[in-house]
Structures are given as C-alpha cells and as structure tokens.
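User: Hello! Could you walk me through this structure, step by step?

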Amino acid sequence: MYRGTILYFSEDGDVAHIWCATAANPLFRARKSDFPGLWLALQVGKEVVFDGETSDGQWIVSLHLASEHEA
C-alpha cells in the first residue's frame, strides 16, 4: 500500500494523477471508470491510499481516501 496526494486531473477529468514520494516511480494514475463510486470525493490535494500496478502506466488497482491514522 502506498499513500499519495492527488496532484491534478486530466483535461477531461477522467484520470487522476497521484504523487507518492516513497515509490520508485512516484507518479501513479487512477481512472474514473475504475473508481466511479469514489470519484466525486477526489480533489486536488486530497490524500489517498492505494495499491499500484508498476508497469509503464503506473495504474492504480485499489484506491480509497486516506484517514489521518493511515501511514
């Protein structure tokens, strides 16, 4: 599990770009189509916890909002 911060959204709003300083490749992406129930709660600067797939795209495979107790 990684903890990261949403940096920005794609121009069409369908991809969130998330920075995680502890990952070897720190920029991950989450697709709106993969997380439709969570998407409206996401905003720039919001901290999230996720598992990522470290391929060329660095796509996120699980995602939720971070609580203050999660590392």
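Analyst: Gladly. Let us start with the rings: Tyr2, Phe28 and Phe50 form one aromatic cluster. This is a predicted model, where local features need pLDDT of at least 70, side-chain atom pairs count only at pLDDT 80 or more, and totals for chains, interfaces and linings use all residues. Residues are numbered from 1 along each chain as its sequence is written, and side-chain values use heavy atoms, with hydrogens and water left out.

User: How many aromatic pairs does the structure hold?

Analyst: Rings of Phe, Tyr and Trp (its six-membered ring) pair if their centres lie within 6.5 Å; planes under 30 degrees apart count as stacked, over 60 as edge-to-face and the rest as tilted. By that rule, the number of aromatic pairs is four.

User: What kind of pair do Tyr2 and Phe28 form?

Analyst: Tyr2 sits in strand E1 (residues 2-9) and Phe28 in strand E3, 26 residues apart; strands (E, at least two residues) and helices (H or I, at least four) are DSSP runs, numbered from the N terminus. The ring centres of Tyr2 and Phe28 are 5.5 Å apart, with 40 degrees between the planes, and the pair is tilted.

User: Is Phe28 buried or exposed?

Analyst: Buried means under 20% relative accessible area, exposed over 50%, and partly exposed in between (1.4 Å probe, protein chains only). Tyr2 has 25% and is partly exposed. Phe28 has a relative accessibility of 0%, so Phe28 counts as buried.

User: Why is the pair of Phe9 and Trp39 edge-to-face?

Analyst: Phe9 belongs to strand E1 and Trp39 to the loop between E3 and E4, so their pair ties together parts 30 residues apart in sequence. The ring centres are 5.8 Å apart, and the pair is edge-to-face because the planes of Phe9 and Trp39 stand at 75 degrees.

User: Which residues have the most contacts inside the largest nonpolar core?

Analyst: A nonpolar core is a set of buried Ala, Val, Leu, Ile, Met, Phe, Trp, Tyr and Cys residues joined through side-chain atoms within 4.5 Å. The largest one has 15 residues, and strands E2 (15-19), E3 (27-31), E4 (47-53) and E5 (59-65) each give two or more to it. Those with the most contacts inside this core are Ile18, Phe50, Ile60 and Leu63.

User: Where is Trp19?

Analyst: Trp19 is partly exposed, with a relative accessible area of 40%. Its place is in strand E2.
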